Amino acid sequence: MHVFSHGTATTTIEVPPSLRLPLIEAEFPRQVHPYWPRLQENTRAWLEEKRLMPPGLVHEYADGLCYTDLMAGYYLGAPDAVMQAIADFSAWFFVWDDRHDRDVVHGRAADWRRLRDALHAALDAPAGHLRHEDALVAGFADGVLRLHAFLPASWNARFARHFHAVIGAYDREFHNRTRGVVPSVEEYLRLRRLTFAHWIWTDLLEPSAGRELPEPVRKHPAYRRAALLSQEFAAWYNDLCSLPKELAGDEVHNLGISLVTHHGLTLEEAVGEVRRRVEECATEFLGAERDAVLLADALADGTARGRELSAAVRACVGNMRNWFSSVYWFHHESGRYRVDTWDDRSTPPYVDNEAAGEK
């Protein structure tokens, strides 16, 4: 059970036994950025201003989807402007994911290709796409431009390179879904690291900590392992919680679905295997975290630069830890996964159905 304050209301969360992870509840206490209440208000206004969701849907669903809660529980210590830019970008990402799903459902291959190409172009030249006719592209350009303001051009180029790969992975998912192709387990795991944007959320630890980390630090096995385990936990726990939603929507991208299709597991066995992998990520992170903190200690070589770098690595690793609790509670607070409360289990009520051609 978890209690989290939403404005003036306090919500008690009961986690279903099949999804409850005692280790997370015991060893990963939840924290929330103090800017969160304003973050929620500002992101809600941004979604409406950028026409990413119709005003009615924003007012009815935005707070209950808890997108800002997810980010506010992750990037602790980020300056308010950085926190706001990340939260808006994350909200955009969820809206993009919904558009991708609707394009698949309605067989809009040409629309998807136009969007895919426009996003690649906006990533390379965001300033030139702020007034794009597609609100999703214009909102993306705004988000990227704001994130570019915090760190040097080298970080911006890395972020762009990583997000080009994310767009490409979404394109592969589009083709898999329209052809009914369920990727093998290994194929899925490689694809999931991209569609979940593992390296994007890891990149964003750096502006939150106030500096770009040198490549030898980012690629050091201790740092990289801790980062990867935190992201794998999030992606696979999402698979566990979203499985009913994705089965209802004829999805083919879920670790459980790949295990059933290619390893011959029953659905119950697949759920157990995904849960085992999720729990293993959390357990292994505790050791990886210690190694990453030792790396941070070693960087404090007595110089001012060493002290600053050590502090930045500690901040990044601390937020990797925060990702576990934030992801865990988000999945039980957000209305995004409550398919049993929807009128149509295959159609999320928070998507713009009329704009999606479902009127």
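User: Is R51 buried or exposed?

Analyst: Start with the general idea: buried means under 20% relative accessible area, exposed means over 50%, and partly exposed is in between (1.4 Å probe, protein chains only). With a relative accessible area of 57%, R51 is exposed. Before we go on, keep in mind that this is a predicted model, where local features need pLDDT of at least 70 and side-chain atom pairs count only at pLDDT 80 or more, while totals for chains, interfaces and linings use all residues. Residues are numbered from 1 along each chain as its sequence is written, and side-chain values use heavy atoms, with hydrogens and water left out.

User: Where does R51 lie?

Analyst: Helices are DSSP runs (H or I, at least four residues), as strands are (E, at least two), and they are numbered from the N terminus. R51 sits in the loop between α2 and α3. Its backbone has something to notice too: phi is positive, about 60°, although R51 is not a glycine.

User: Which residue other than glycine has a positive phi near 65°?

Analyst: That's A197, with phi near 65°. A197 is found in the loop between α9 (185-195) and α10. At 1% relative accessibility, A197 counts as buried, whereas R51 is exposed.

User: Back to the helices. At what angle do the axes of α2 and α3 cross?

Analyst: An axis is a line fitted to C-alpha atoms, for helices over the stretch in contact, and angles run from 0 to 180 degrees between N-to-C directions. The axes of α2 (residues 36-49) and α3 (residues 55-65) cross at roughly 150° and come within 9 Å.

User: Which residues make the contact of α2 and α3?

Analyst: Contact means heavy atoms within 4.5 Å. On the α2 side you'll find Q40, R44, L47 and E48, and on the α3 side P55, V58, H59, A62 and D63. To sort them, count Ala, Val, Leu, Ile, Met, Phe, Trp, Tyr, Cys and Pro as nonpolar, Asp, Glu, Lys and Arg as charged, and the others, Gly among them, as polar. The residues of this contact then divide into four nonpolar, two polar and three charged.

User: How do α5 and α8 cross, roughly parallel or roughly antiparallel?

Analyst: The axes of α5 and α8 (residues 153-179) come within 9 Å and cross at roughly 25°. α5 and α8 are therefore roughly parallel to each other. For handedness, a crossing is left-handed if the near helix is turned anticlockwise from the far one by less than a right angle, and right-handed if clockwise. The crossing of α5 and α8 is right-handed, and α2 also passes α3 in a right-handed crossing.

User: Which residues of α5 and α8 meet?

Analyst: From α5, they include F89, W92, F93, W96 and D103, and from α8, F159, F163, Y170 and F174 are among them. The residues of this contact divide into 12 nonpolar, two polar and five charged.

User: What is D103 in contact with?

Analyst: Leaving aside neighbours within four places in sequence, D103 is in contact with R108, D111, W112, L115 and F174. D103 counts as buried, at 2% relative accessibility.

User: How many aromatic pairs are there?

Analyst: Rings of Phe, Tyr and Trp (its six-membered ring) pair if their centres lie within 6.5 Å; planes under 30 degrees apart are stacked, over 60 edge-to-face, and the rest tilted. By this rule the count comes to 32 aromatic pairs. One of them is F89 with W201, edge-to-face at 6.4 Å centre to centre and 65° between the planes. This pair links distant parts of the chain, 112 residues apart, with F89 in α5 (residues 80-105) and W201 in α10 (residues 198-203). F89 counts as buried at 1% relative accessibility, and W201 counts as buried at 6%. W92 and F93 also form an edge-to-face pair, 6.3 Å centre to centre with 85° between the planes.

User: Which residues do ring pairs link into a cluster?

Analyst: F89, W92, F93, W96, F140, W155, F159, F163, Y170 and W201. Among them, W92 is buried, with a relative accessible area of 0%, and F93 counts as buried at 8%.

Methods
Parallel < 35°, antiparallel > 145°, perpendicular 65-115°, else oblique.
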